[in-house]
Amino acid sequence: MAIQTSINGKAVALSAEPDTPLLWVIREELGLTGTKFGCGVAACGACTVHVDGEPTRSCSLPVSEVAGKSITTIEGLKSADGTLHAVQQAWIAAQVPQCGYCQSGQIMAAVALIEKTGRPSDAQIDEAMTNLCRCGTYPRIRKAIRAATGQAAQAVEGAV
Amino acid sequence: MTDTPTADIAPEAPHKRKGVKRRAFLIGGVAIVGAGLFGISIADSNAAKDAKARITGEGEHSFATWLKIGEDDIITIYSPHTDIGQGSNTGLAQMLAEELDAMWDQVRIVSAPAEPAFANVGLGRAFLADMTGKPAIINGIPESFLSFIARQMNLQMTGGSTALRFTGQVTFQKVGAATRLALIETAAKRLNVPVGELTTQDSRVIHAKSSRSLRYGELAAEAATLSLDNEPKLKDPSQYRLMRQSIQRLDIPAKVDGSAQYGIDFAIPNMRVATIQAAPVRGGKLTSVDTAPALAIKGVEKVIKLDDAVAVVAKGYWPAISGLRALAPNFTDGGHADVSTASILAAHDALFAKGEADGEAGEGDVQAGLGAKPIEAKYQVPFLHHAMMEPFALTAHFKDGKLDIWGGMQDPLATKMLAVDVSGLDADNVTFHPMIIGGSFGRRLPMYMEIVGQVTKLAMQLPYPVKLIWSREEEVAQGAYRPQSSAVLTAALTDKKRIAAYRNDYAQPESAESETVFPYTLPAVSRRHFAHVSNQQTGAWRSVNSTQQGFYNESFMDELAHAAGEDPVIFRRNHLKADSRHLRVLDEVAARSGWNTPLPAGRGRGVALVESFKTIVAMVVEASVGADGMPKVHKVTTVVDAGSIVNPDAAMAQIEGGTIMGLSSAIGEAITLEKGAVQQSNLSDYLLLNMAQTPLVQDIHFLNSGAPMGGIGEPGVPPAAPALANALFAATGKRVRNLPIMTQAKG
């Protein structure tokens, strides 16, 4: 039985086995490869997408659980005319990515954080941005989040 | 050929030289090849023709292998390096475009085809000069011979922080400059004016006197027929318009909208997905496996047995991994069941006790200088895993006698040649298509890329294309780890707080001698290597031996400073040459970090000074220990002298990231062994530093001394661990001698 859901604003009927993690449905059935496989155990966050607006590690969520829900992937962040989301623009301005593999997940986590908090503090950034990056782009991720929310680029130690 | 001064060419293909480490590989093999400047010499005209045929279409003209100018003014540069995210391709493009005076918006840089015609022959000469300081050796070797050997070695590697300092400086700047001269010569003829009256800017040759100019695109066809100047004069840095500028990286836009295609993203119609498990005890073999439980899973199509592994082929990754997990394969332990982290430590201790070193270097009479009561400290560091975020993934398709492979590896040409070997096909029938790499840090080097052999073996027996993806569990358990290593450091101090003699005994598989630099001037120094090899595969981990050697030496220097009752910065100063680059870097970091200023209670500062890959880095870490016992890094101040910098912002990113990788390994990373097998299973128990653990403040400064260009991808790593350990000592009085700081007890 097909699973009805919505991906990046489009209604889709998914044919995958119900226990298949959402990640593999997005990548292999829908061909949206911007969402990455990193660990398979929700430890790294490379597979982060939004499920009804919540940042979700799609490698560990069976597709059966997203029936009737609305999913956004990195490909769905741009506006209809192709303009990049403000967070994506901030990512380019701060020259965040190195290898870039974790960045789709980082951006999805950051967008969700900003939607929730408006102007996240450093402590809120620390708490929400648990996605791993082996290249060590964390300082620039912080800088981009701060810039995207109208805050000074440089964090100040001790400020909350 | 055998009577050249460089006859120690290893006879086997690169991948067969197991256990030969990256540096040794370069010295024993590639470094000796030297190079024709442009890769294509007269005697190598077949390669030149081949290169040209592979990249030029209608209206496109090839220059010196690596450059193509279109009649539409589009300039395409073919990079023999793999940009793993360090920004090296943008830097290489800046260097070539600078000397060419190209219009930046019209410059593209792509991966060179993984073909012998594009072997990176420039890298070999530079490496030899770098390692031996005797460029005369290579100058005596005919260029045609050198080009030939570079192709024989399949050299197309990225590693050793070499892209800009070698390929960039030795080849790409000169290609740009020589091509510019050919374009000017062509324009002079066409405009009928002297060459001296012409200038270049934004991809045009300009004759100011007559207000005429010609586009590079309209000169390219004719210019491409000229022979290029092999030693063109390069620009004075004061004329730079692109180099030394923080130009935005060319690869970044595709990495923020999900469109960048990594190896794991490749797909073609009819493709199947496979995943694999090799013997958990490295060296073991597959003895038997009941395939039925996997085949019972919907979507699983085949279980394939290899000599030391079992693979499951399915319609997608999920059924493949589900199938693999359903299996209970039987592997031998290869006789390694008694290998453990503890057994390796015991073996190191036994070697030290025996005292028979496998290699020794240094100067002065250390034994006499140490006297009867030297200061001694023992250090231990664990195996480290690369943990690149993209697990290994390659797609292969064997059809009509031809094999195609897609994915990201650090040496595309060596990847192709390994597939040639494993498949038994002719080289002309094997093509490797390089794709974007999701991190590597040394893991995807040609000496240990077993996935190439695996996917080739699968594809050769399947009627459809197959993408082989390693699970993260496989990736953690089957690494090419930075070796577990131990060291005993011994020294004696004079009554004037100076080191009289210094000994560094270290145990690990390979000697670190060729790549580590000890910056201090001492009357007597000895470095002794004690070789111990376990069943684990070890390899180059970002900055290679400089990580553990930096930790040993800079921790011990700190201990000696305290033993002498001297400030750690002053103690180091007293052992550095006056006016040396090292001294300047150290003084700068002391000043910028406020070394002598007061700190809040519970915090300490630690300093470390490490040179690696010809770049000198000094780092001051401010740290404390949190209520949870975890070290907390508050601030890092770093001063870097890499000679000169091509792209300041990209270089800054490398130092930021390198520092974080160094801190990460010091705080939480360890691969441990029990019964010959790796105990960690995923990123849930191989712990990488996260955002909250990253210091809020990283203050990084470059001193551009003008010395020969050093590397930038690796040198940020080594000082981080000792600077942190020294800071924790200053904060707590407890000396960190074993890494990681947070021991990951397991089991």
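**Exercise 1. Work out how chain A splits into domains and what the side of domain 1 that touches domain 2 looks like.**

Step 1: the domain assignment (bounds come from an automatic or database assignment) gives chain A domain 1 (3–76) and domain 2 (86–148).

A quick word on the model: it's predicted, so local features need pLDDT of at least 70 and side-chain atom pairs count only at pLDDT 80 or more, while totals for chains, interfaces and linings use all residues. Residues are numbered from 1 along each chain as its sequence is written, and chains are lettered from A and ligands numbered from 1 in the order in which they are written.

Step 2: over C-alpha atoms, the centres of the two chain A domains sit 20 Å apart. The contact (C-beta atoms, placed from the backbone, within 7 Å) takes 15 residues from domain 1 of chain A and twelve residues from domain 2 of chain A.

Step 3: sort that domain 1 side by class, and you get six nonpolar, seven polar and two charged residues. Here Ala, Val, Leu, Ile, Met, Phe, Trp, Tyr, Cys and Pro are nonpolar, Asp, Glu, Lys and Arg charged, and the others, Gly among them, polar.

**Exercise 2. Find the domains of chain B and describe how domain 2 meets domain 3.**

Step 1: chain B divides into domain 1 (14–239), domain 2 (263–333 + 392–469) and domain 3 (341–383 + 481–732).

Step 2: the centres of domain 2 and domain 3 of chain B, over C-alpha atoms, are 38 Å apart. Their contact takes ten residues from domain 2 of chain B and nine residues from domain 3 of chain B.

Step 3: on the domain 2 side of chain B, count six nonpolar, two polar and two charged residues.

Methods. Two residues are in contact if their C-beta atoms, placed from the backbone, lie within 7 Å.
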